[in-house]
Amino acid sequence: MADFLLWAWFGGIMIAAIAGPLGSFMVWRRMAYFGDTLAHAALLGVALGLLLHINISLAVVLVCLLLALLLSTLMHKRIIATDTLLGILSHASLSLGLVALSIFDHQTIDLMGFLFGDLLAIGQQDLMWIALACCVVLIILIWVWKPLLSITVNEELAQVEGINVAWMRTLLMLMVAVVIAVAMKVVGVLLITSLLIIPAAAARRLSNSPEQMALLASLLGMLSVTGGLALSWFYDTPAGPSVVLIASSLFFLLFSFPRFLRAS
Amino acid sequence: MSKVLLCAKNLGVKRSNRWLIKDVDLSLEAGQITTVIGPNGAGKSTLVRSLLNLIKPTCGDINAMKGLLIGYMPQKLKLEDTLPLTVSRFLDLGRHKQHQLSPQLWHNLLHECRAEKLLERPMHQLSGGETQRVLLLRAVLRKPHLLVLDEPVQGVDVTGQVSLYNLIGQIRDILGCGILMVSHDLHLVMAATDQVICLNQHICCSGHPEQVSQDPAFTDLFGPQGAGNLALYNHQHNHHHTSHGDIIAGQHHKDCDHG
């Protein structure tokens, strides 16, 4: 089998592993729309990276981090309902990214690759970025697991018990931003959120504890990546959408599972 | 013995040009149960939340004892259905590394709250009363100096209310902690209280329950019917009201004239 397939699989597996716990938090805290907004902004990061001649991954991480901070400030100020704010920023940044990218020659950039991912084009350098980001996020997640869970259950209770809620919330957003930035390669900006949300949602049916759900989400994500790549290899389908399609199928399969096999 | 745990001076909270609470002075002491009562919208929750440092007061000072540990029982717990969490995991989240109840005491409390059988149940399958008891357990878990309970008996039937108030009294005796409780329900609460604060934006009257029930400001706030019911209760400690809803409902009272 070809090397590039192995790289693609490695990259996808790492992303899926970290997407499990992080995606679970996004499901628990209803952050799906927030994830979409960050993902769309990633395209702006690509444009900026090309314009300023800096590493694209780095530019994407920076733009996502900045937007995450901006969002958390704006949400805190409550200028307008959060979902409206996200709706505006999400599509404004997507459009800005698309307009900015249109400056470049169509031959030099692969717009479809950015939008829907180009898993099979993952190189060694991308793999290193992914590995680094996943390790850092995993370590932070393990380190702050309990306070993060605590603010997810009830923010006021957590604050009275001495947890710095604002800081935890920001940290979670930053982690999501980092993972989105590196996951862009795998499924593209339009599909990233699904890789975070769908395995976690599918795992809910089978789990009795938060840790179980996070772990199971990782496994389901890895299964989706493997299945999606296989689909892409044998039937020549686009890799990113194939992965998402397998994940969705798993979700519906588990959703219609017989009741007695489910957890409460 | 009576150590001041938390005191507030001249506390005021203003939101969109309206004072939610104003000129509130209070002091909470160890071993004392303080109950804040008042009609809906009187600012009871605002007061509690500003004392807990959850909202920033517009003016005034709050002084807390050094190292004050607070156990808080919120009015409601909204839990996402997507989060699988058993009762025992929920309780674990509130544990404090150093400050803990002795295992013996913890088992007693579990027993008193009839919660032993709940431990392995998922949080979102609990009934209203069960949730309240679990929330109370989480609040006392860290052996707090001060227990803050925002409408602890909400969604609990009358018999359950009496036993819950008894339980709260017991916890005070065992831990020697101060308790701040919010209620809009008059008669049940009074028996177990050392200090009543009657709130309607500002403090209308405060003091010992019997003293407060004689206060004209109190009658103004709750209407003669409500106040009368309270007096009735004071005479007949053992009788359980079944129509407590009537007492508060419909009593459209005048605001305090100094408000």
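**A loop and its surroundings**

Guide: Let's begin with Lys143(B), which has its place in the loop between α4 (128-140) and β6 (146-150) of chain B. Those labels come from DSSP runs, numbered from the N terminus: helices are H or I runs of at least four residues, and strands are E runs of at least two. Keep in mind that this is a predicted model, where local features need pLDDT of at least 70 and side-chain atom pairs count only at pLDDT 80 or more, while totals for chains, interfaces and linings use all residues. Residues are numbered from 1 along each chain as its sequence is written, chains are lettered from A, and ligands are numbered from 1, in the order in which they are written.

Lys143(B) is not a glycine, yet its phi is positive, about 50°. Most residues other than glycine have a negative phi. Lys143(B) counts as partly exposed because 18 other C-beta atoms lie within 10 Å. (Buried means 20 or more other C-beta atoms within 10 Å of a residue's own, exposed means 12 or fewer, and partly exposed is in between; the C-beta atoms are placed from the backbone.)

Now look at what flanks the loop. Strands pair if DSSP finds at least two bridges between them; β8 (195-200) and β9 of chain B run antiparallel and are joined by five. In one of these pairings, Asn200(B) has His202(B) of β9(B) as its bridge partner.

Next, the domains, whose bounds come from an automatic or database assignment. Chain B is given domain 1 (1-68 + 145-259) and domain 2 (76-143). Twelve residues from domain 1 of chain B and ten from domain 2 of chain B make up the contact, where touching residues have C-beta atoms, placed from the backbone, within 7 Å. Helix α5 (158-175) of chain B supplies seven residues, the largest share of the domain 1 side. By class, that side has eight nonpolar, four polar and no charged residues. (Ala, Val, Leu, Ile, Met, Phe, Trp, Tyr, Cys and Pro count as nonpolar, Asp, Glu, Lys and Arg as charged, and the others, Gly among them, as polar.)

Finally, step out to chain A. There, 19 residues of chain B are in contact with 21 of chain A. β5 (70-73) and α2 (87-92) of chain B each supply at least two residues of the chain B side. Leu93(B), in the loop between α2 and α3 (103-112) of chain B, touches Lys146(A), Leu149(A), Ser150(A) and Val153(A), leaving aside residues up to four places away in sequence. Leu93(B) counts as buried because it has 21 C-beta neighbours inside 10 Å.

Note on methods. Contact = placed C-beta atoms within 7 Å.
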